[in-house]
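Work through the exercises below with the sequence and the model in view, and try each task before reading its solution.

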Amino acid sequence: MDETQPLLQDNCLIYNEQQGEVSTKDIVDFDPSGDPENPLEWPTTYKWGIVALLAFMSFTVTFTCISVVPVANRIVNDLDHGRSSKSASVLLVTIWELGEAAGPLFIAPLSEVFGRYPVMNGANLLFVAATVLAALCQSTPLFIAARALTGLAVASNVLNPAIVGDMFVSEQRGSAMSLIVLAPLLGGAIGPAISGAIAETLGWRQVIWMSAILAIICETIFLTCFRETYKVAVLRRRAAKLRLETGNPLLKTIFDAADTSRVRLILDAAMRPFMVLAGSGVLQALSLLGSLVFAFFYFLSTTLPDILEERYGLSPAATGSSLIMFSAGSTISVIFCNFALDRLYVKLRDVHGGVGQPEYRLPLLILGAFTLPFAIALYGWIARWHLPLPILLICVAMVGITLMLGFLPLHAYVVDAFGLYAASGMTAVIVTRALMGTFLPLTAEPLVEKFDYGWGFTILGAVNLSLAPIPIFVYRYGSIWRQRSKYTREA
């Protein structure tokens with residue numbers, strides 16, 4: 001199926017009018033001379049207002065996800081009445097990813113069946129309810145379950161790019177997406193700093209309530225100001241209205257299919273990422289590397305508070321502020337990738353006779369894959385040797401830089417290599433990343449207990465280093481390997 005088209009498209013819709021079926025004059029579409037219901041023709045001010053709203057929701061989601069990091073141990077200690085468990089506090093942070101592994105499988109196809117407006121608002125309402133549940137719960141297992149449900153309800157990661165695509169033509173989408181991408185980085189930097197300070201003075205529940213209030217504000221604006229942006233849903237609504245007004249039952253959109261089960265289409269769309277992953281050895285190898293690289297974010301997030309509070313004597317507020325260094329490093333890497341990815345691609349294309357290949361996206365991934373293991377090992381040894389705090393914070397920024405270098409170029413490669421199946425390829429990457437990010441950080445505690453931070457993180461770095469040659473082999477042989485998969489044969 002062509003993933004650039006709606007799930008319900010049927011090219012065989014237009015039949016002979018003499019047979020009593022749909023003809024071209026019964027097709028409902030936007031007025032080509034100008035149509036106020038066409039999202040592409042909405043006022044620029046309103047469209048940018050929607051972009052700002054999407055960025056606000058992305059900020060809120062990231063704030064809610066990251067804000068528990070510096071207070072996770074305190075939450076578990078409080079809910080378990082002093083019987084704190086490090087594995088429980090780690091799972092409390094990482095379980096969010098497990099929810100995000102399931103959400104994208106259904107949110108995107110549901111939005112193509114029912115439209116962006118009902119799916120976005122439904123997901124946001126579930127997000128608010130799950131956040132309130134987390135603020136009210138009295139046990140660690142219930143809190144963890146509420147966090148998983150909150151991750152499941154995150155629609156912004158999937159629908160934000162789609163909504164921008166609905167409203168803007170191709171050459172105008174870059175600026176809108178840049179604003180939306182920067183919002184989570186800001187939320188990741190501010191969230192831990194604010195939560196640490198609030199938890200120290202008012203308690204950790206107030207941190208969760210702040211997240212709930214932000215989500216409620218966002219959803220109130222969505223309910224009152226957001227309009228349906230998906231062309232298919234807008235035209236279907238128009239066709240239904242015209243059928244009532246004119247009495248003509250043949251009025252349809254070109255996207256309607258008479259005998260297609262929507263439930264079947266949703267299930268097919270949900271299964272397609274697993275089919276793409278199973279059918280591409282290149283995607284399997286790169287997803288393994290990318291998932292391990294991303295898991296180091298949670299290794300750092302769940303161990304840094306312990307290091308800063310126990311070995312450096314920092315307060316929760318100062319610990320939360322220290323996590324800004326990771327966001328700073330990540331931001332530097334994002335800016336560098338935005339500057340260098342396309343330039344490297346063009347240069348390599350020109351060197352190879354003007355023929356572009358998806359593998360030309362991989363040099364930065366190779367750099368990140370080989371530098372991250374050393375940054376991770378250095379992070380462990382700095383904590384082991386109790387070196388000055390500024391050195392540790394600089395190393396945290398280095399982890400942020402190298403981690404993003406080892407992950408962001410993978411997205412560009414999947415988009416280029418999988419073409420029409422890029423959405424399924426990206427969903428497969430997200431799902432494997434989420435599963436690895438949820439459970440692999442649970443190994444940090446036994447490693448640190450047995451080998452301390454130095455050798456424990458050296459072992460983790462060595463595992464990552466053993467997978468670092470994967471992008472080199474894909475760069476060298478990927479064009480051949482891709483021909484073995486029907487999903488990448490035409491790239």
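**Exercise 1: A ring and its partner**

Phenylalanine 143 has a relative accessible area of 0% and is therefore buried, where buried means under 20% relative accessible area, exposed over 50% and partly exposed in between, with a 1.4 Å probe and protein chains only. The model is a predicted one, in which local features need pLDDT of at least 70 and side-chain atom pairs count only at pLDDT 80 or more, while totals for chains, interfaces and linings use all residues. Residues are numbered from 1 along each chain as its sequence is written, and side-chain values use heavy atoms, with hydrogens and water left out.

Task: Find which kind of aromatic pair phenylalanine 143 and tryptophan 204 form.

Solution. Begin with the rule: rings of Phe, Tyr and Trp (its six-membered ring) pair if their centres lie within 6.5 Å, and planes under 30 degrees apart count as stacked, over 60 as edge-to-face and the rest as tilted. The centres of phenylalanine 143 and tryptophan 204 are 5.7 Å apart with 80 degrees between the planes, so the pair is edge-to-face. Finally, tryptophan 204 counts as buried because its relative accessibility is 4%.

**Exercise 2: The cavity**

Task: State which residues line the largest cavity and which helix gives the largest share.

Solution. A cavity is a set of points on a 1 Å grid over the protein atoms alone where a 1.4 Å probe fits but cannot get out, and lining residues have an atom within 4 Å of a point. The search of the whole structure finds 1 cavity of 30 Å³ or more, and about 30 Å³ of space lies in the largest cavity, a volume being the space filled by probe spheres set on the points, which are joined across faces, edges and corners. The lining consists of Thr64, Thr131, Ala134, Phe143, Arg147, Thr150 and Ile208, and the largest share, 3 residues, comes from α5.

**Exercise 3: A leucine in α11**

Task: Decide whether leucine 304 is buried or exposed, and name its contacts beyond its sequence neighbours.

Solution. Leucine 304 is found in helix α11 and counts as buried because its relative accessibility is 0%. Leaving aside neighbours within four places in sequence, leucine 304 is in contact (heavy atoms within 4.5 Å) with Leu323, Tyr379, Leu392 and Val396.

Key. Helix = DSSP H or I, 4+ residues; strand = E, 2+ residues; numbered from the N terminus. 1 Å grid on protein atoms, 1.4 Å probe; cavity = no way out; pocket = protein on both sides within 12 Å on 5 of 7 lines; lining within 4 Å.
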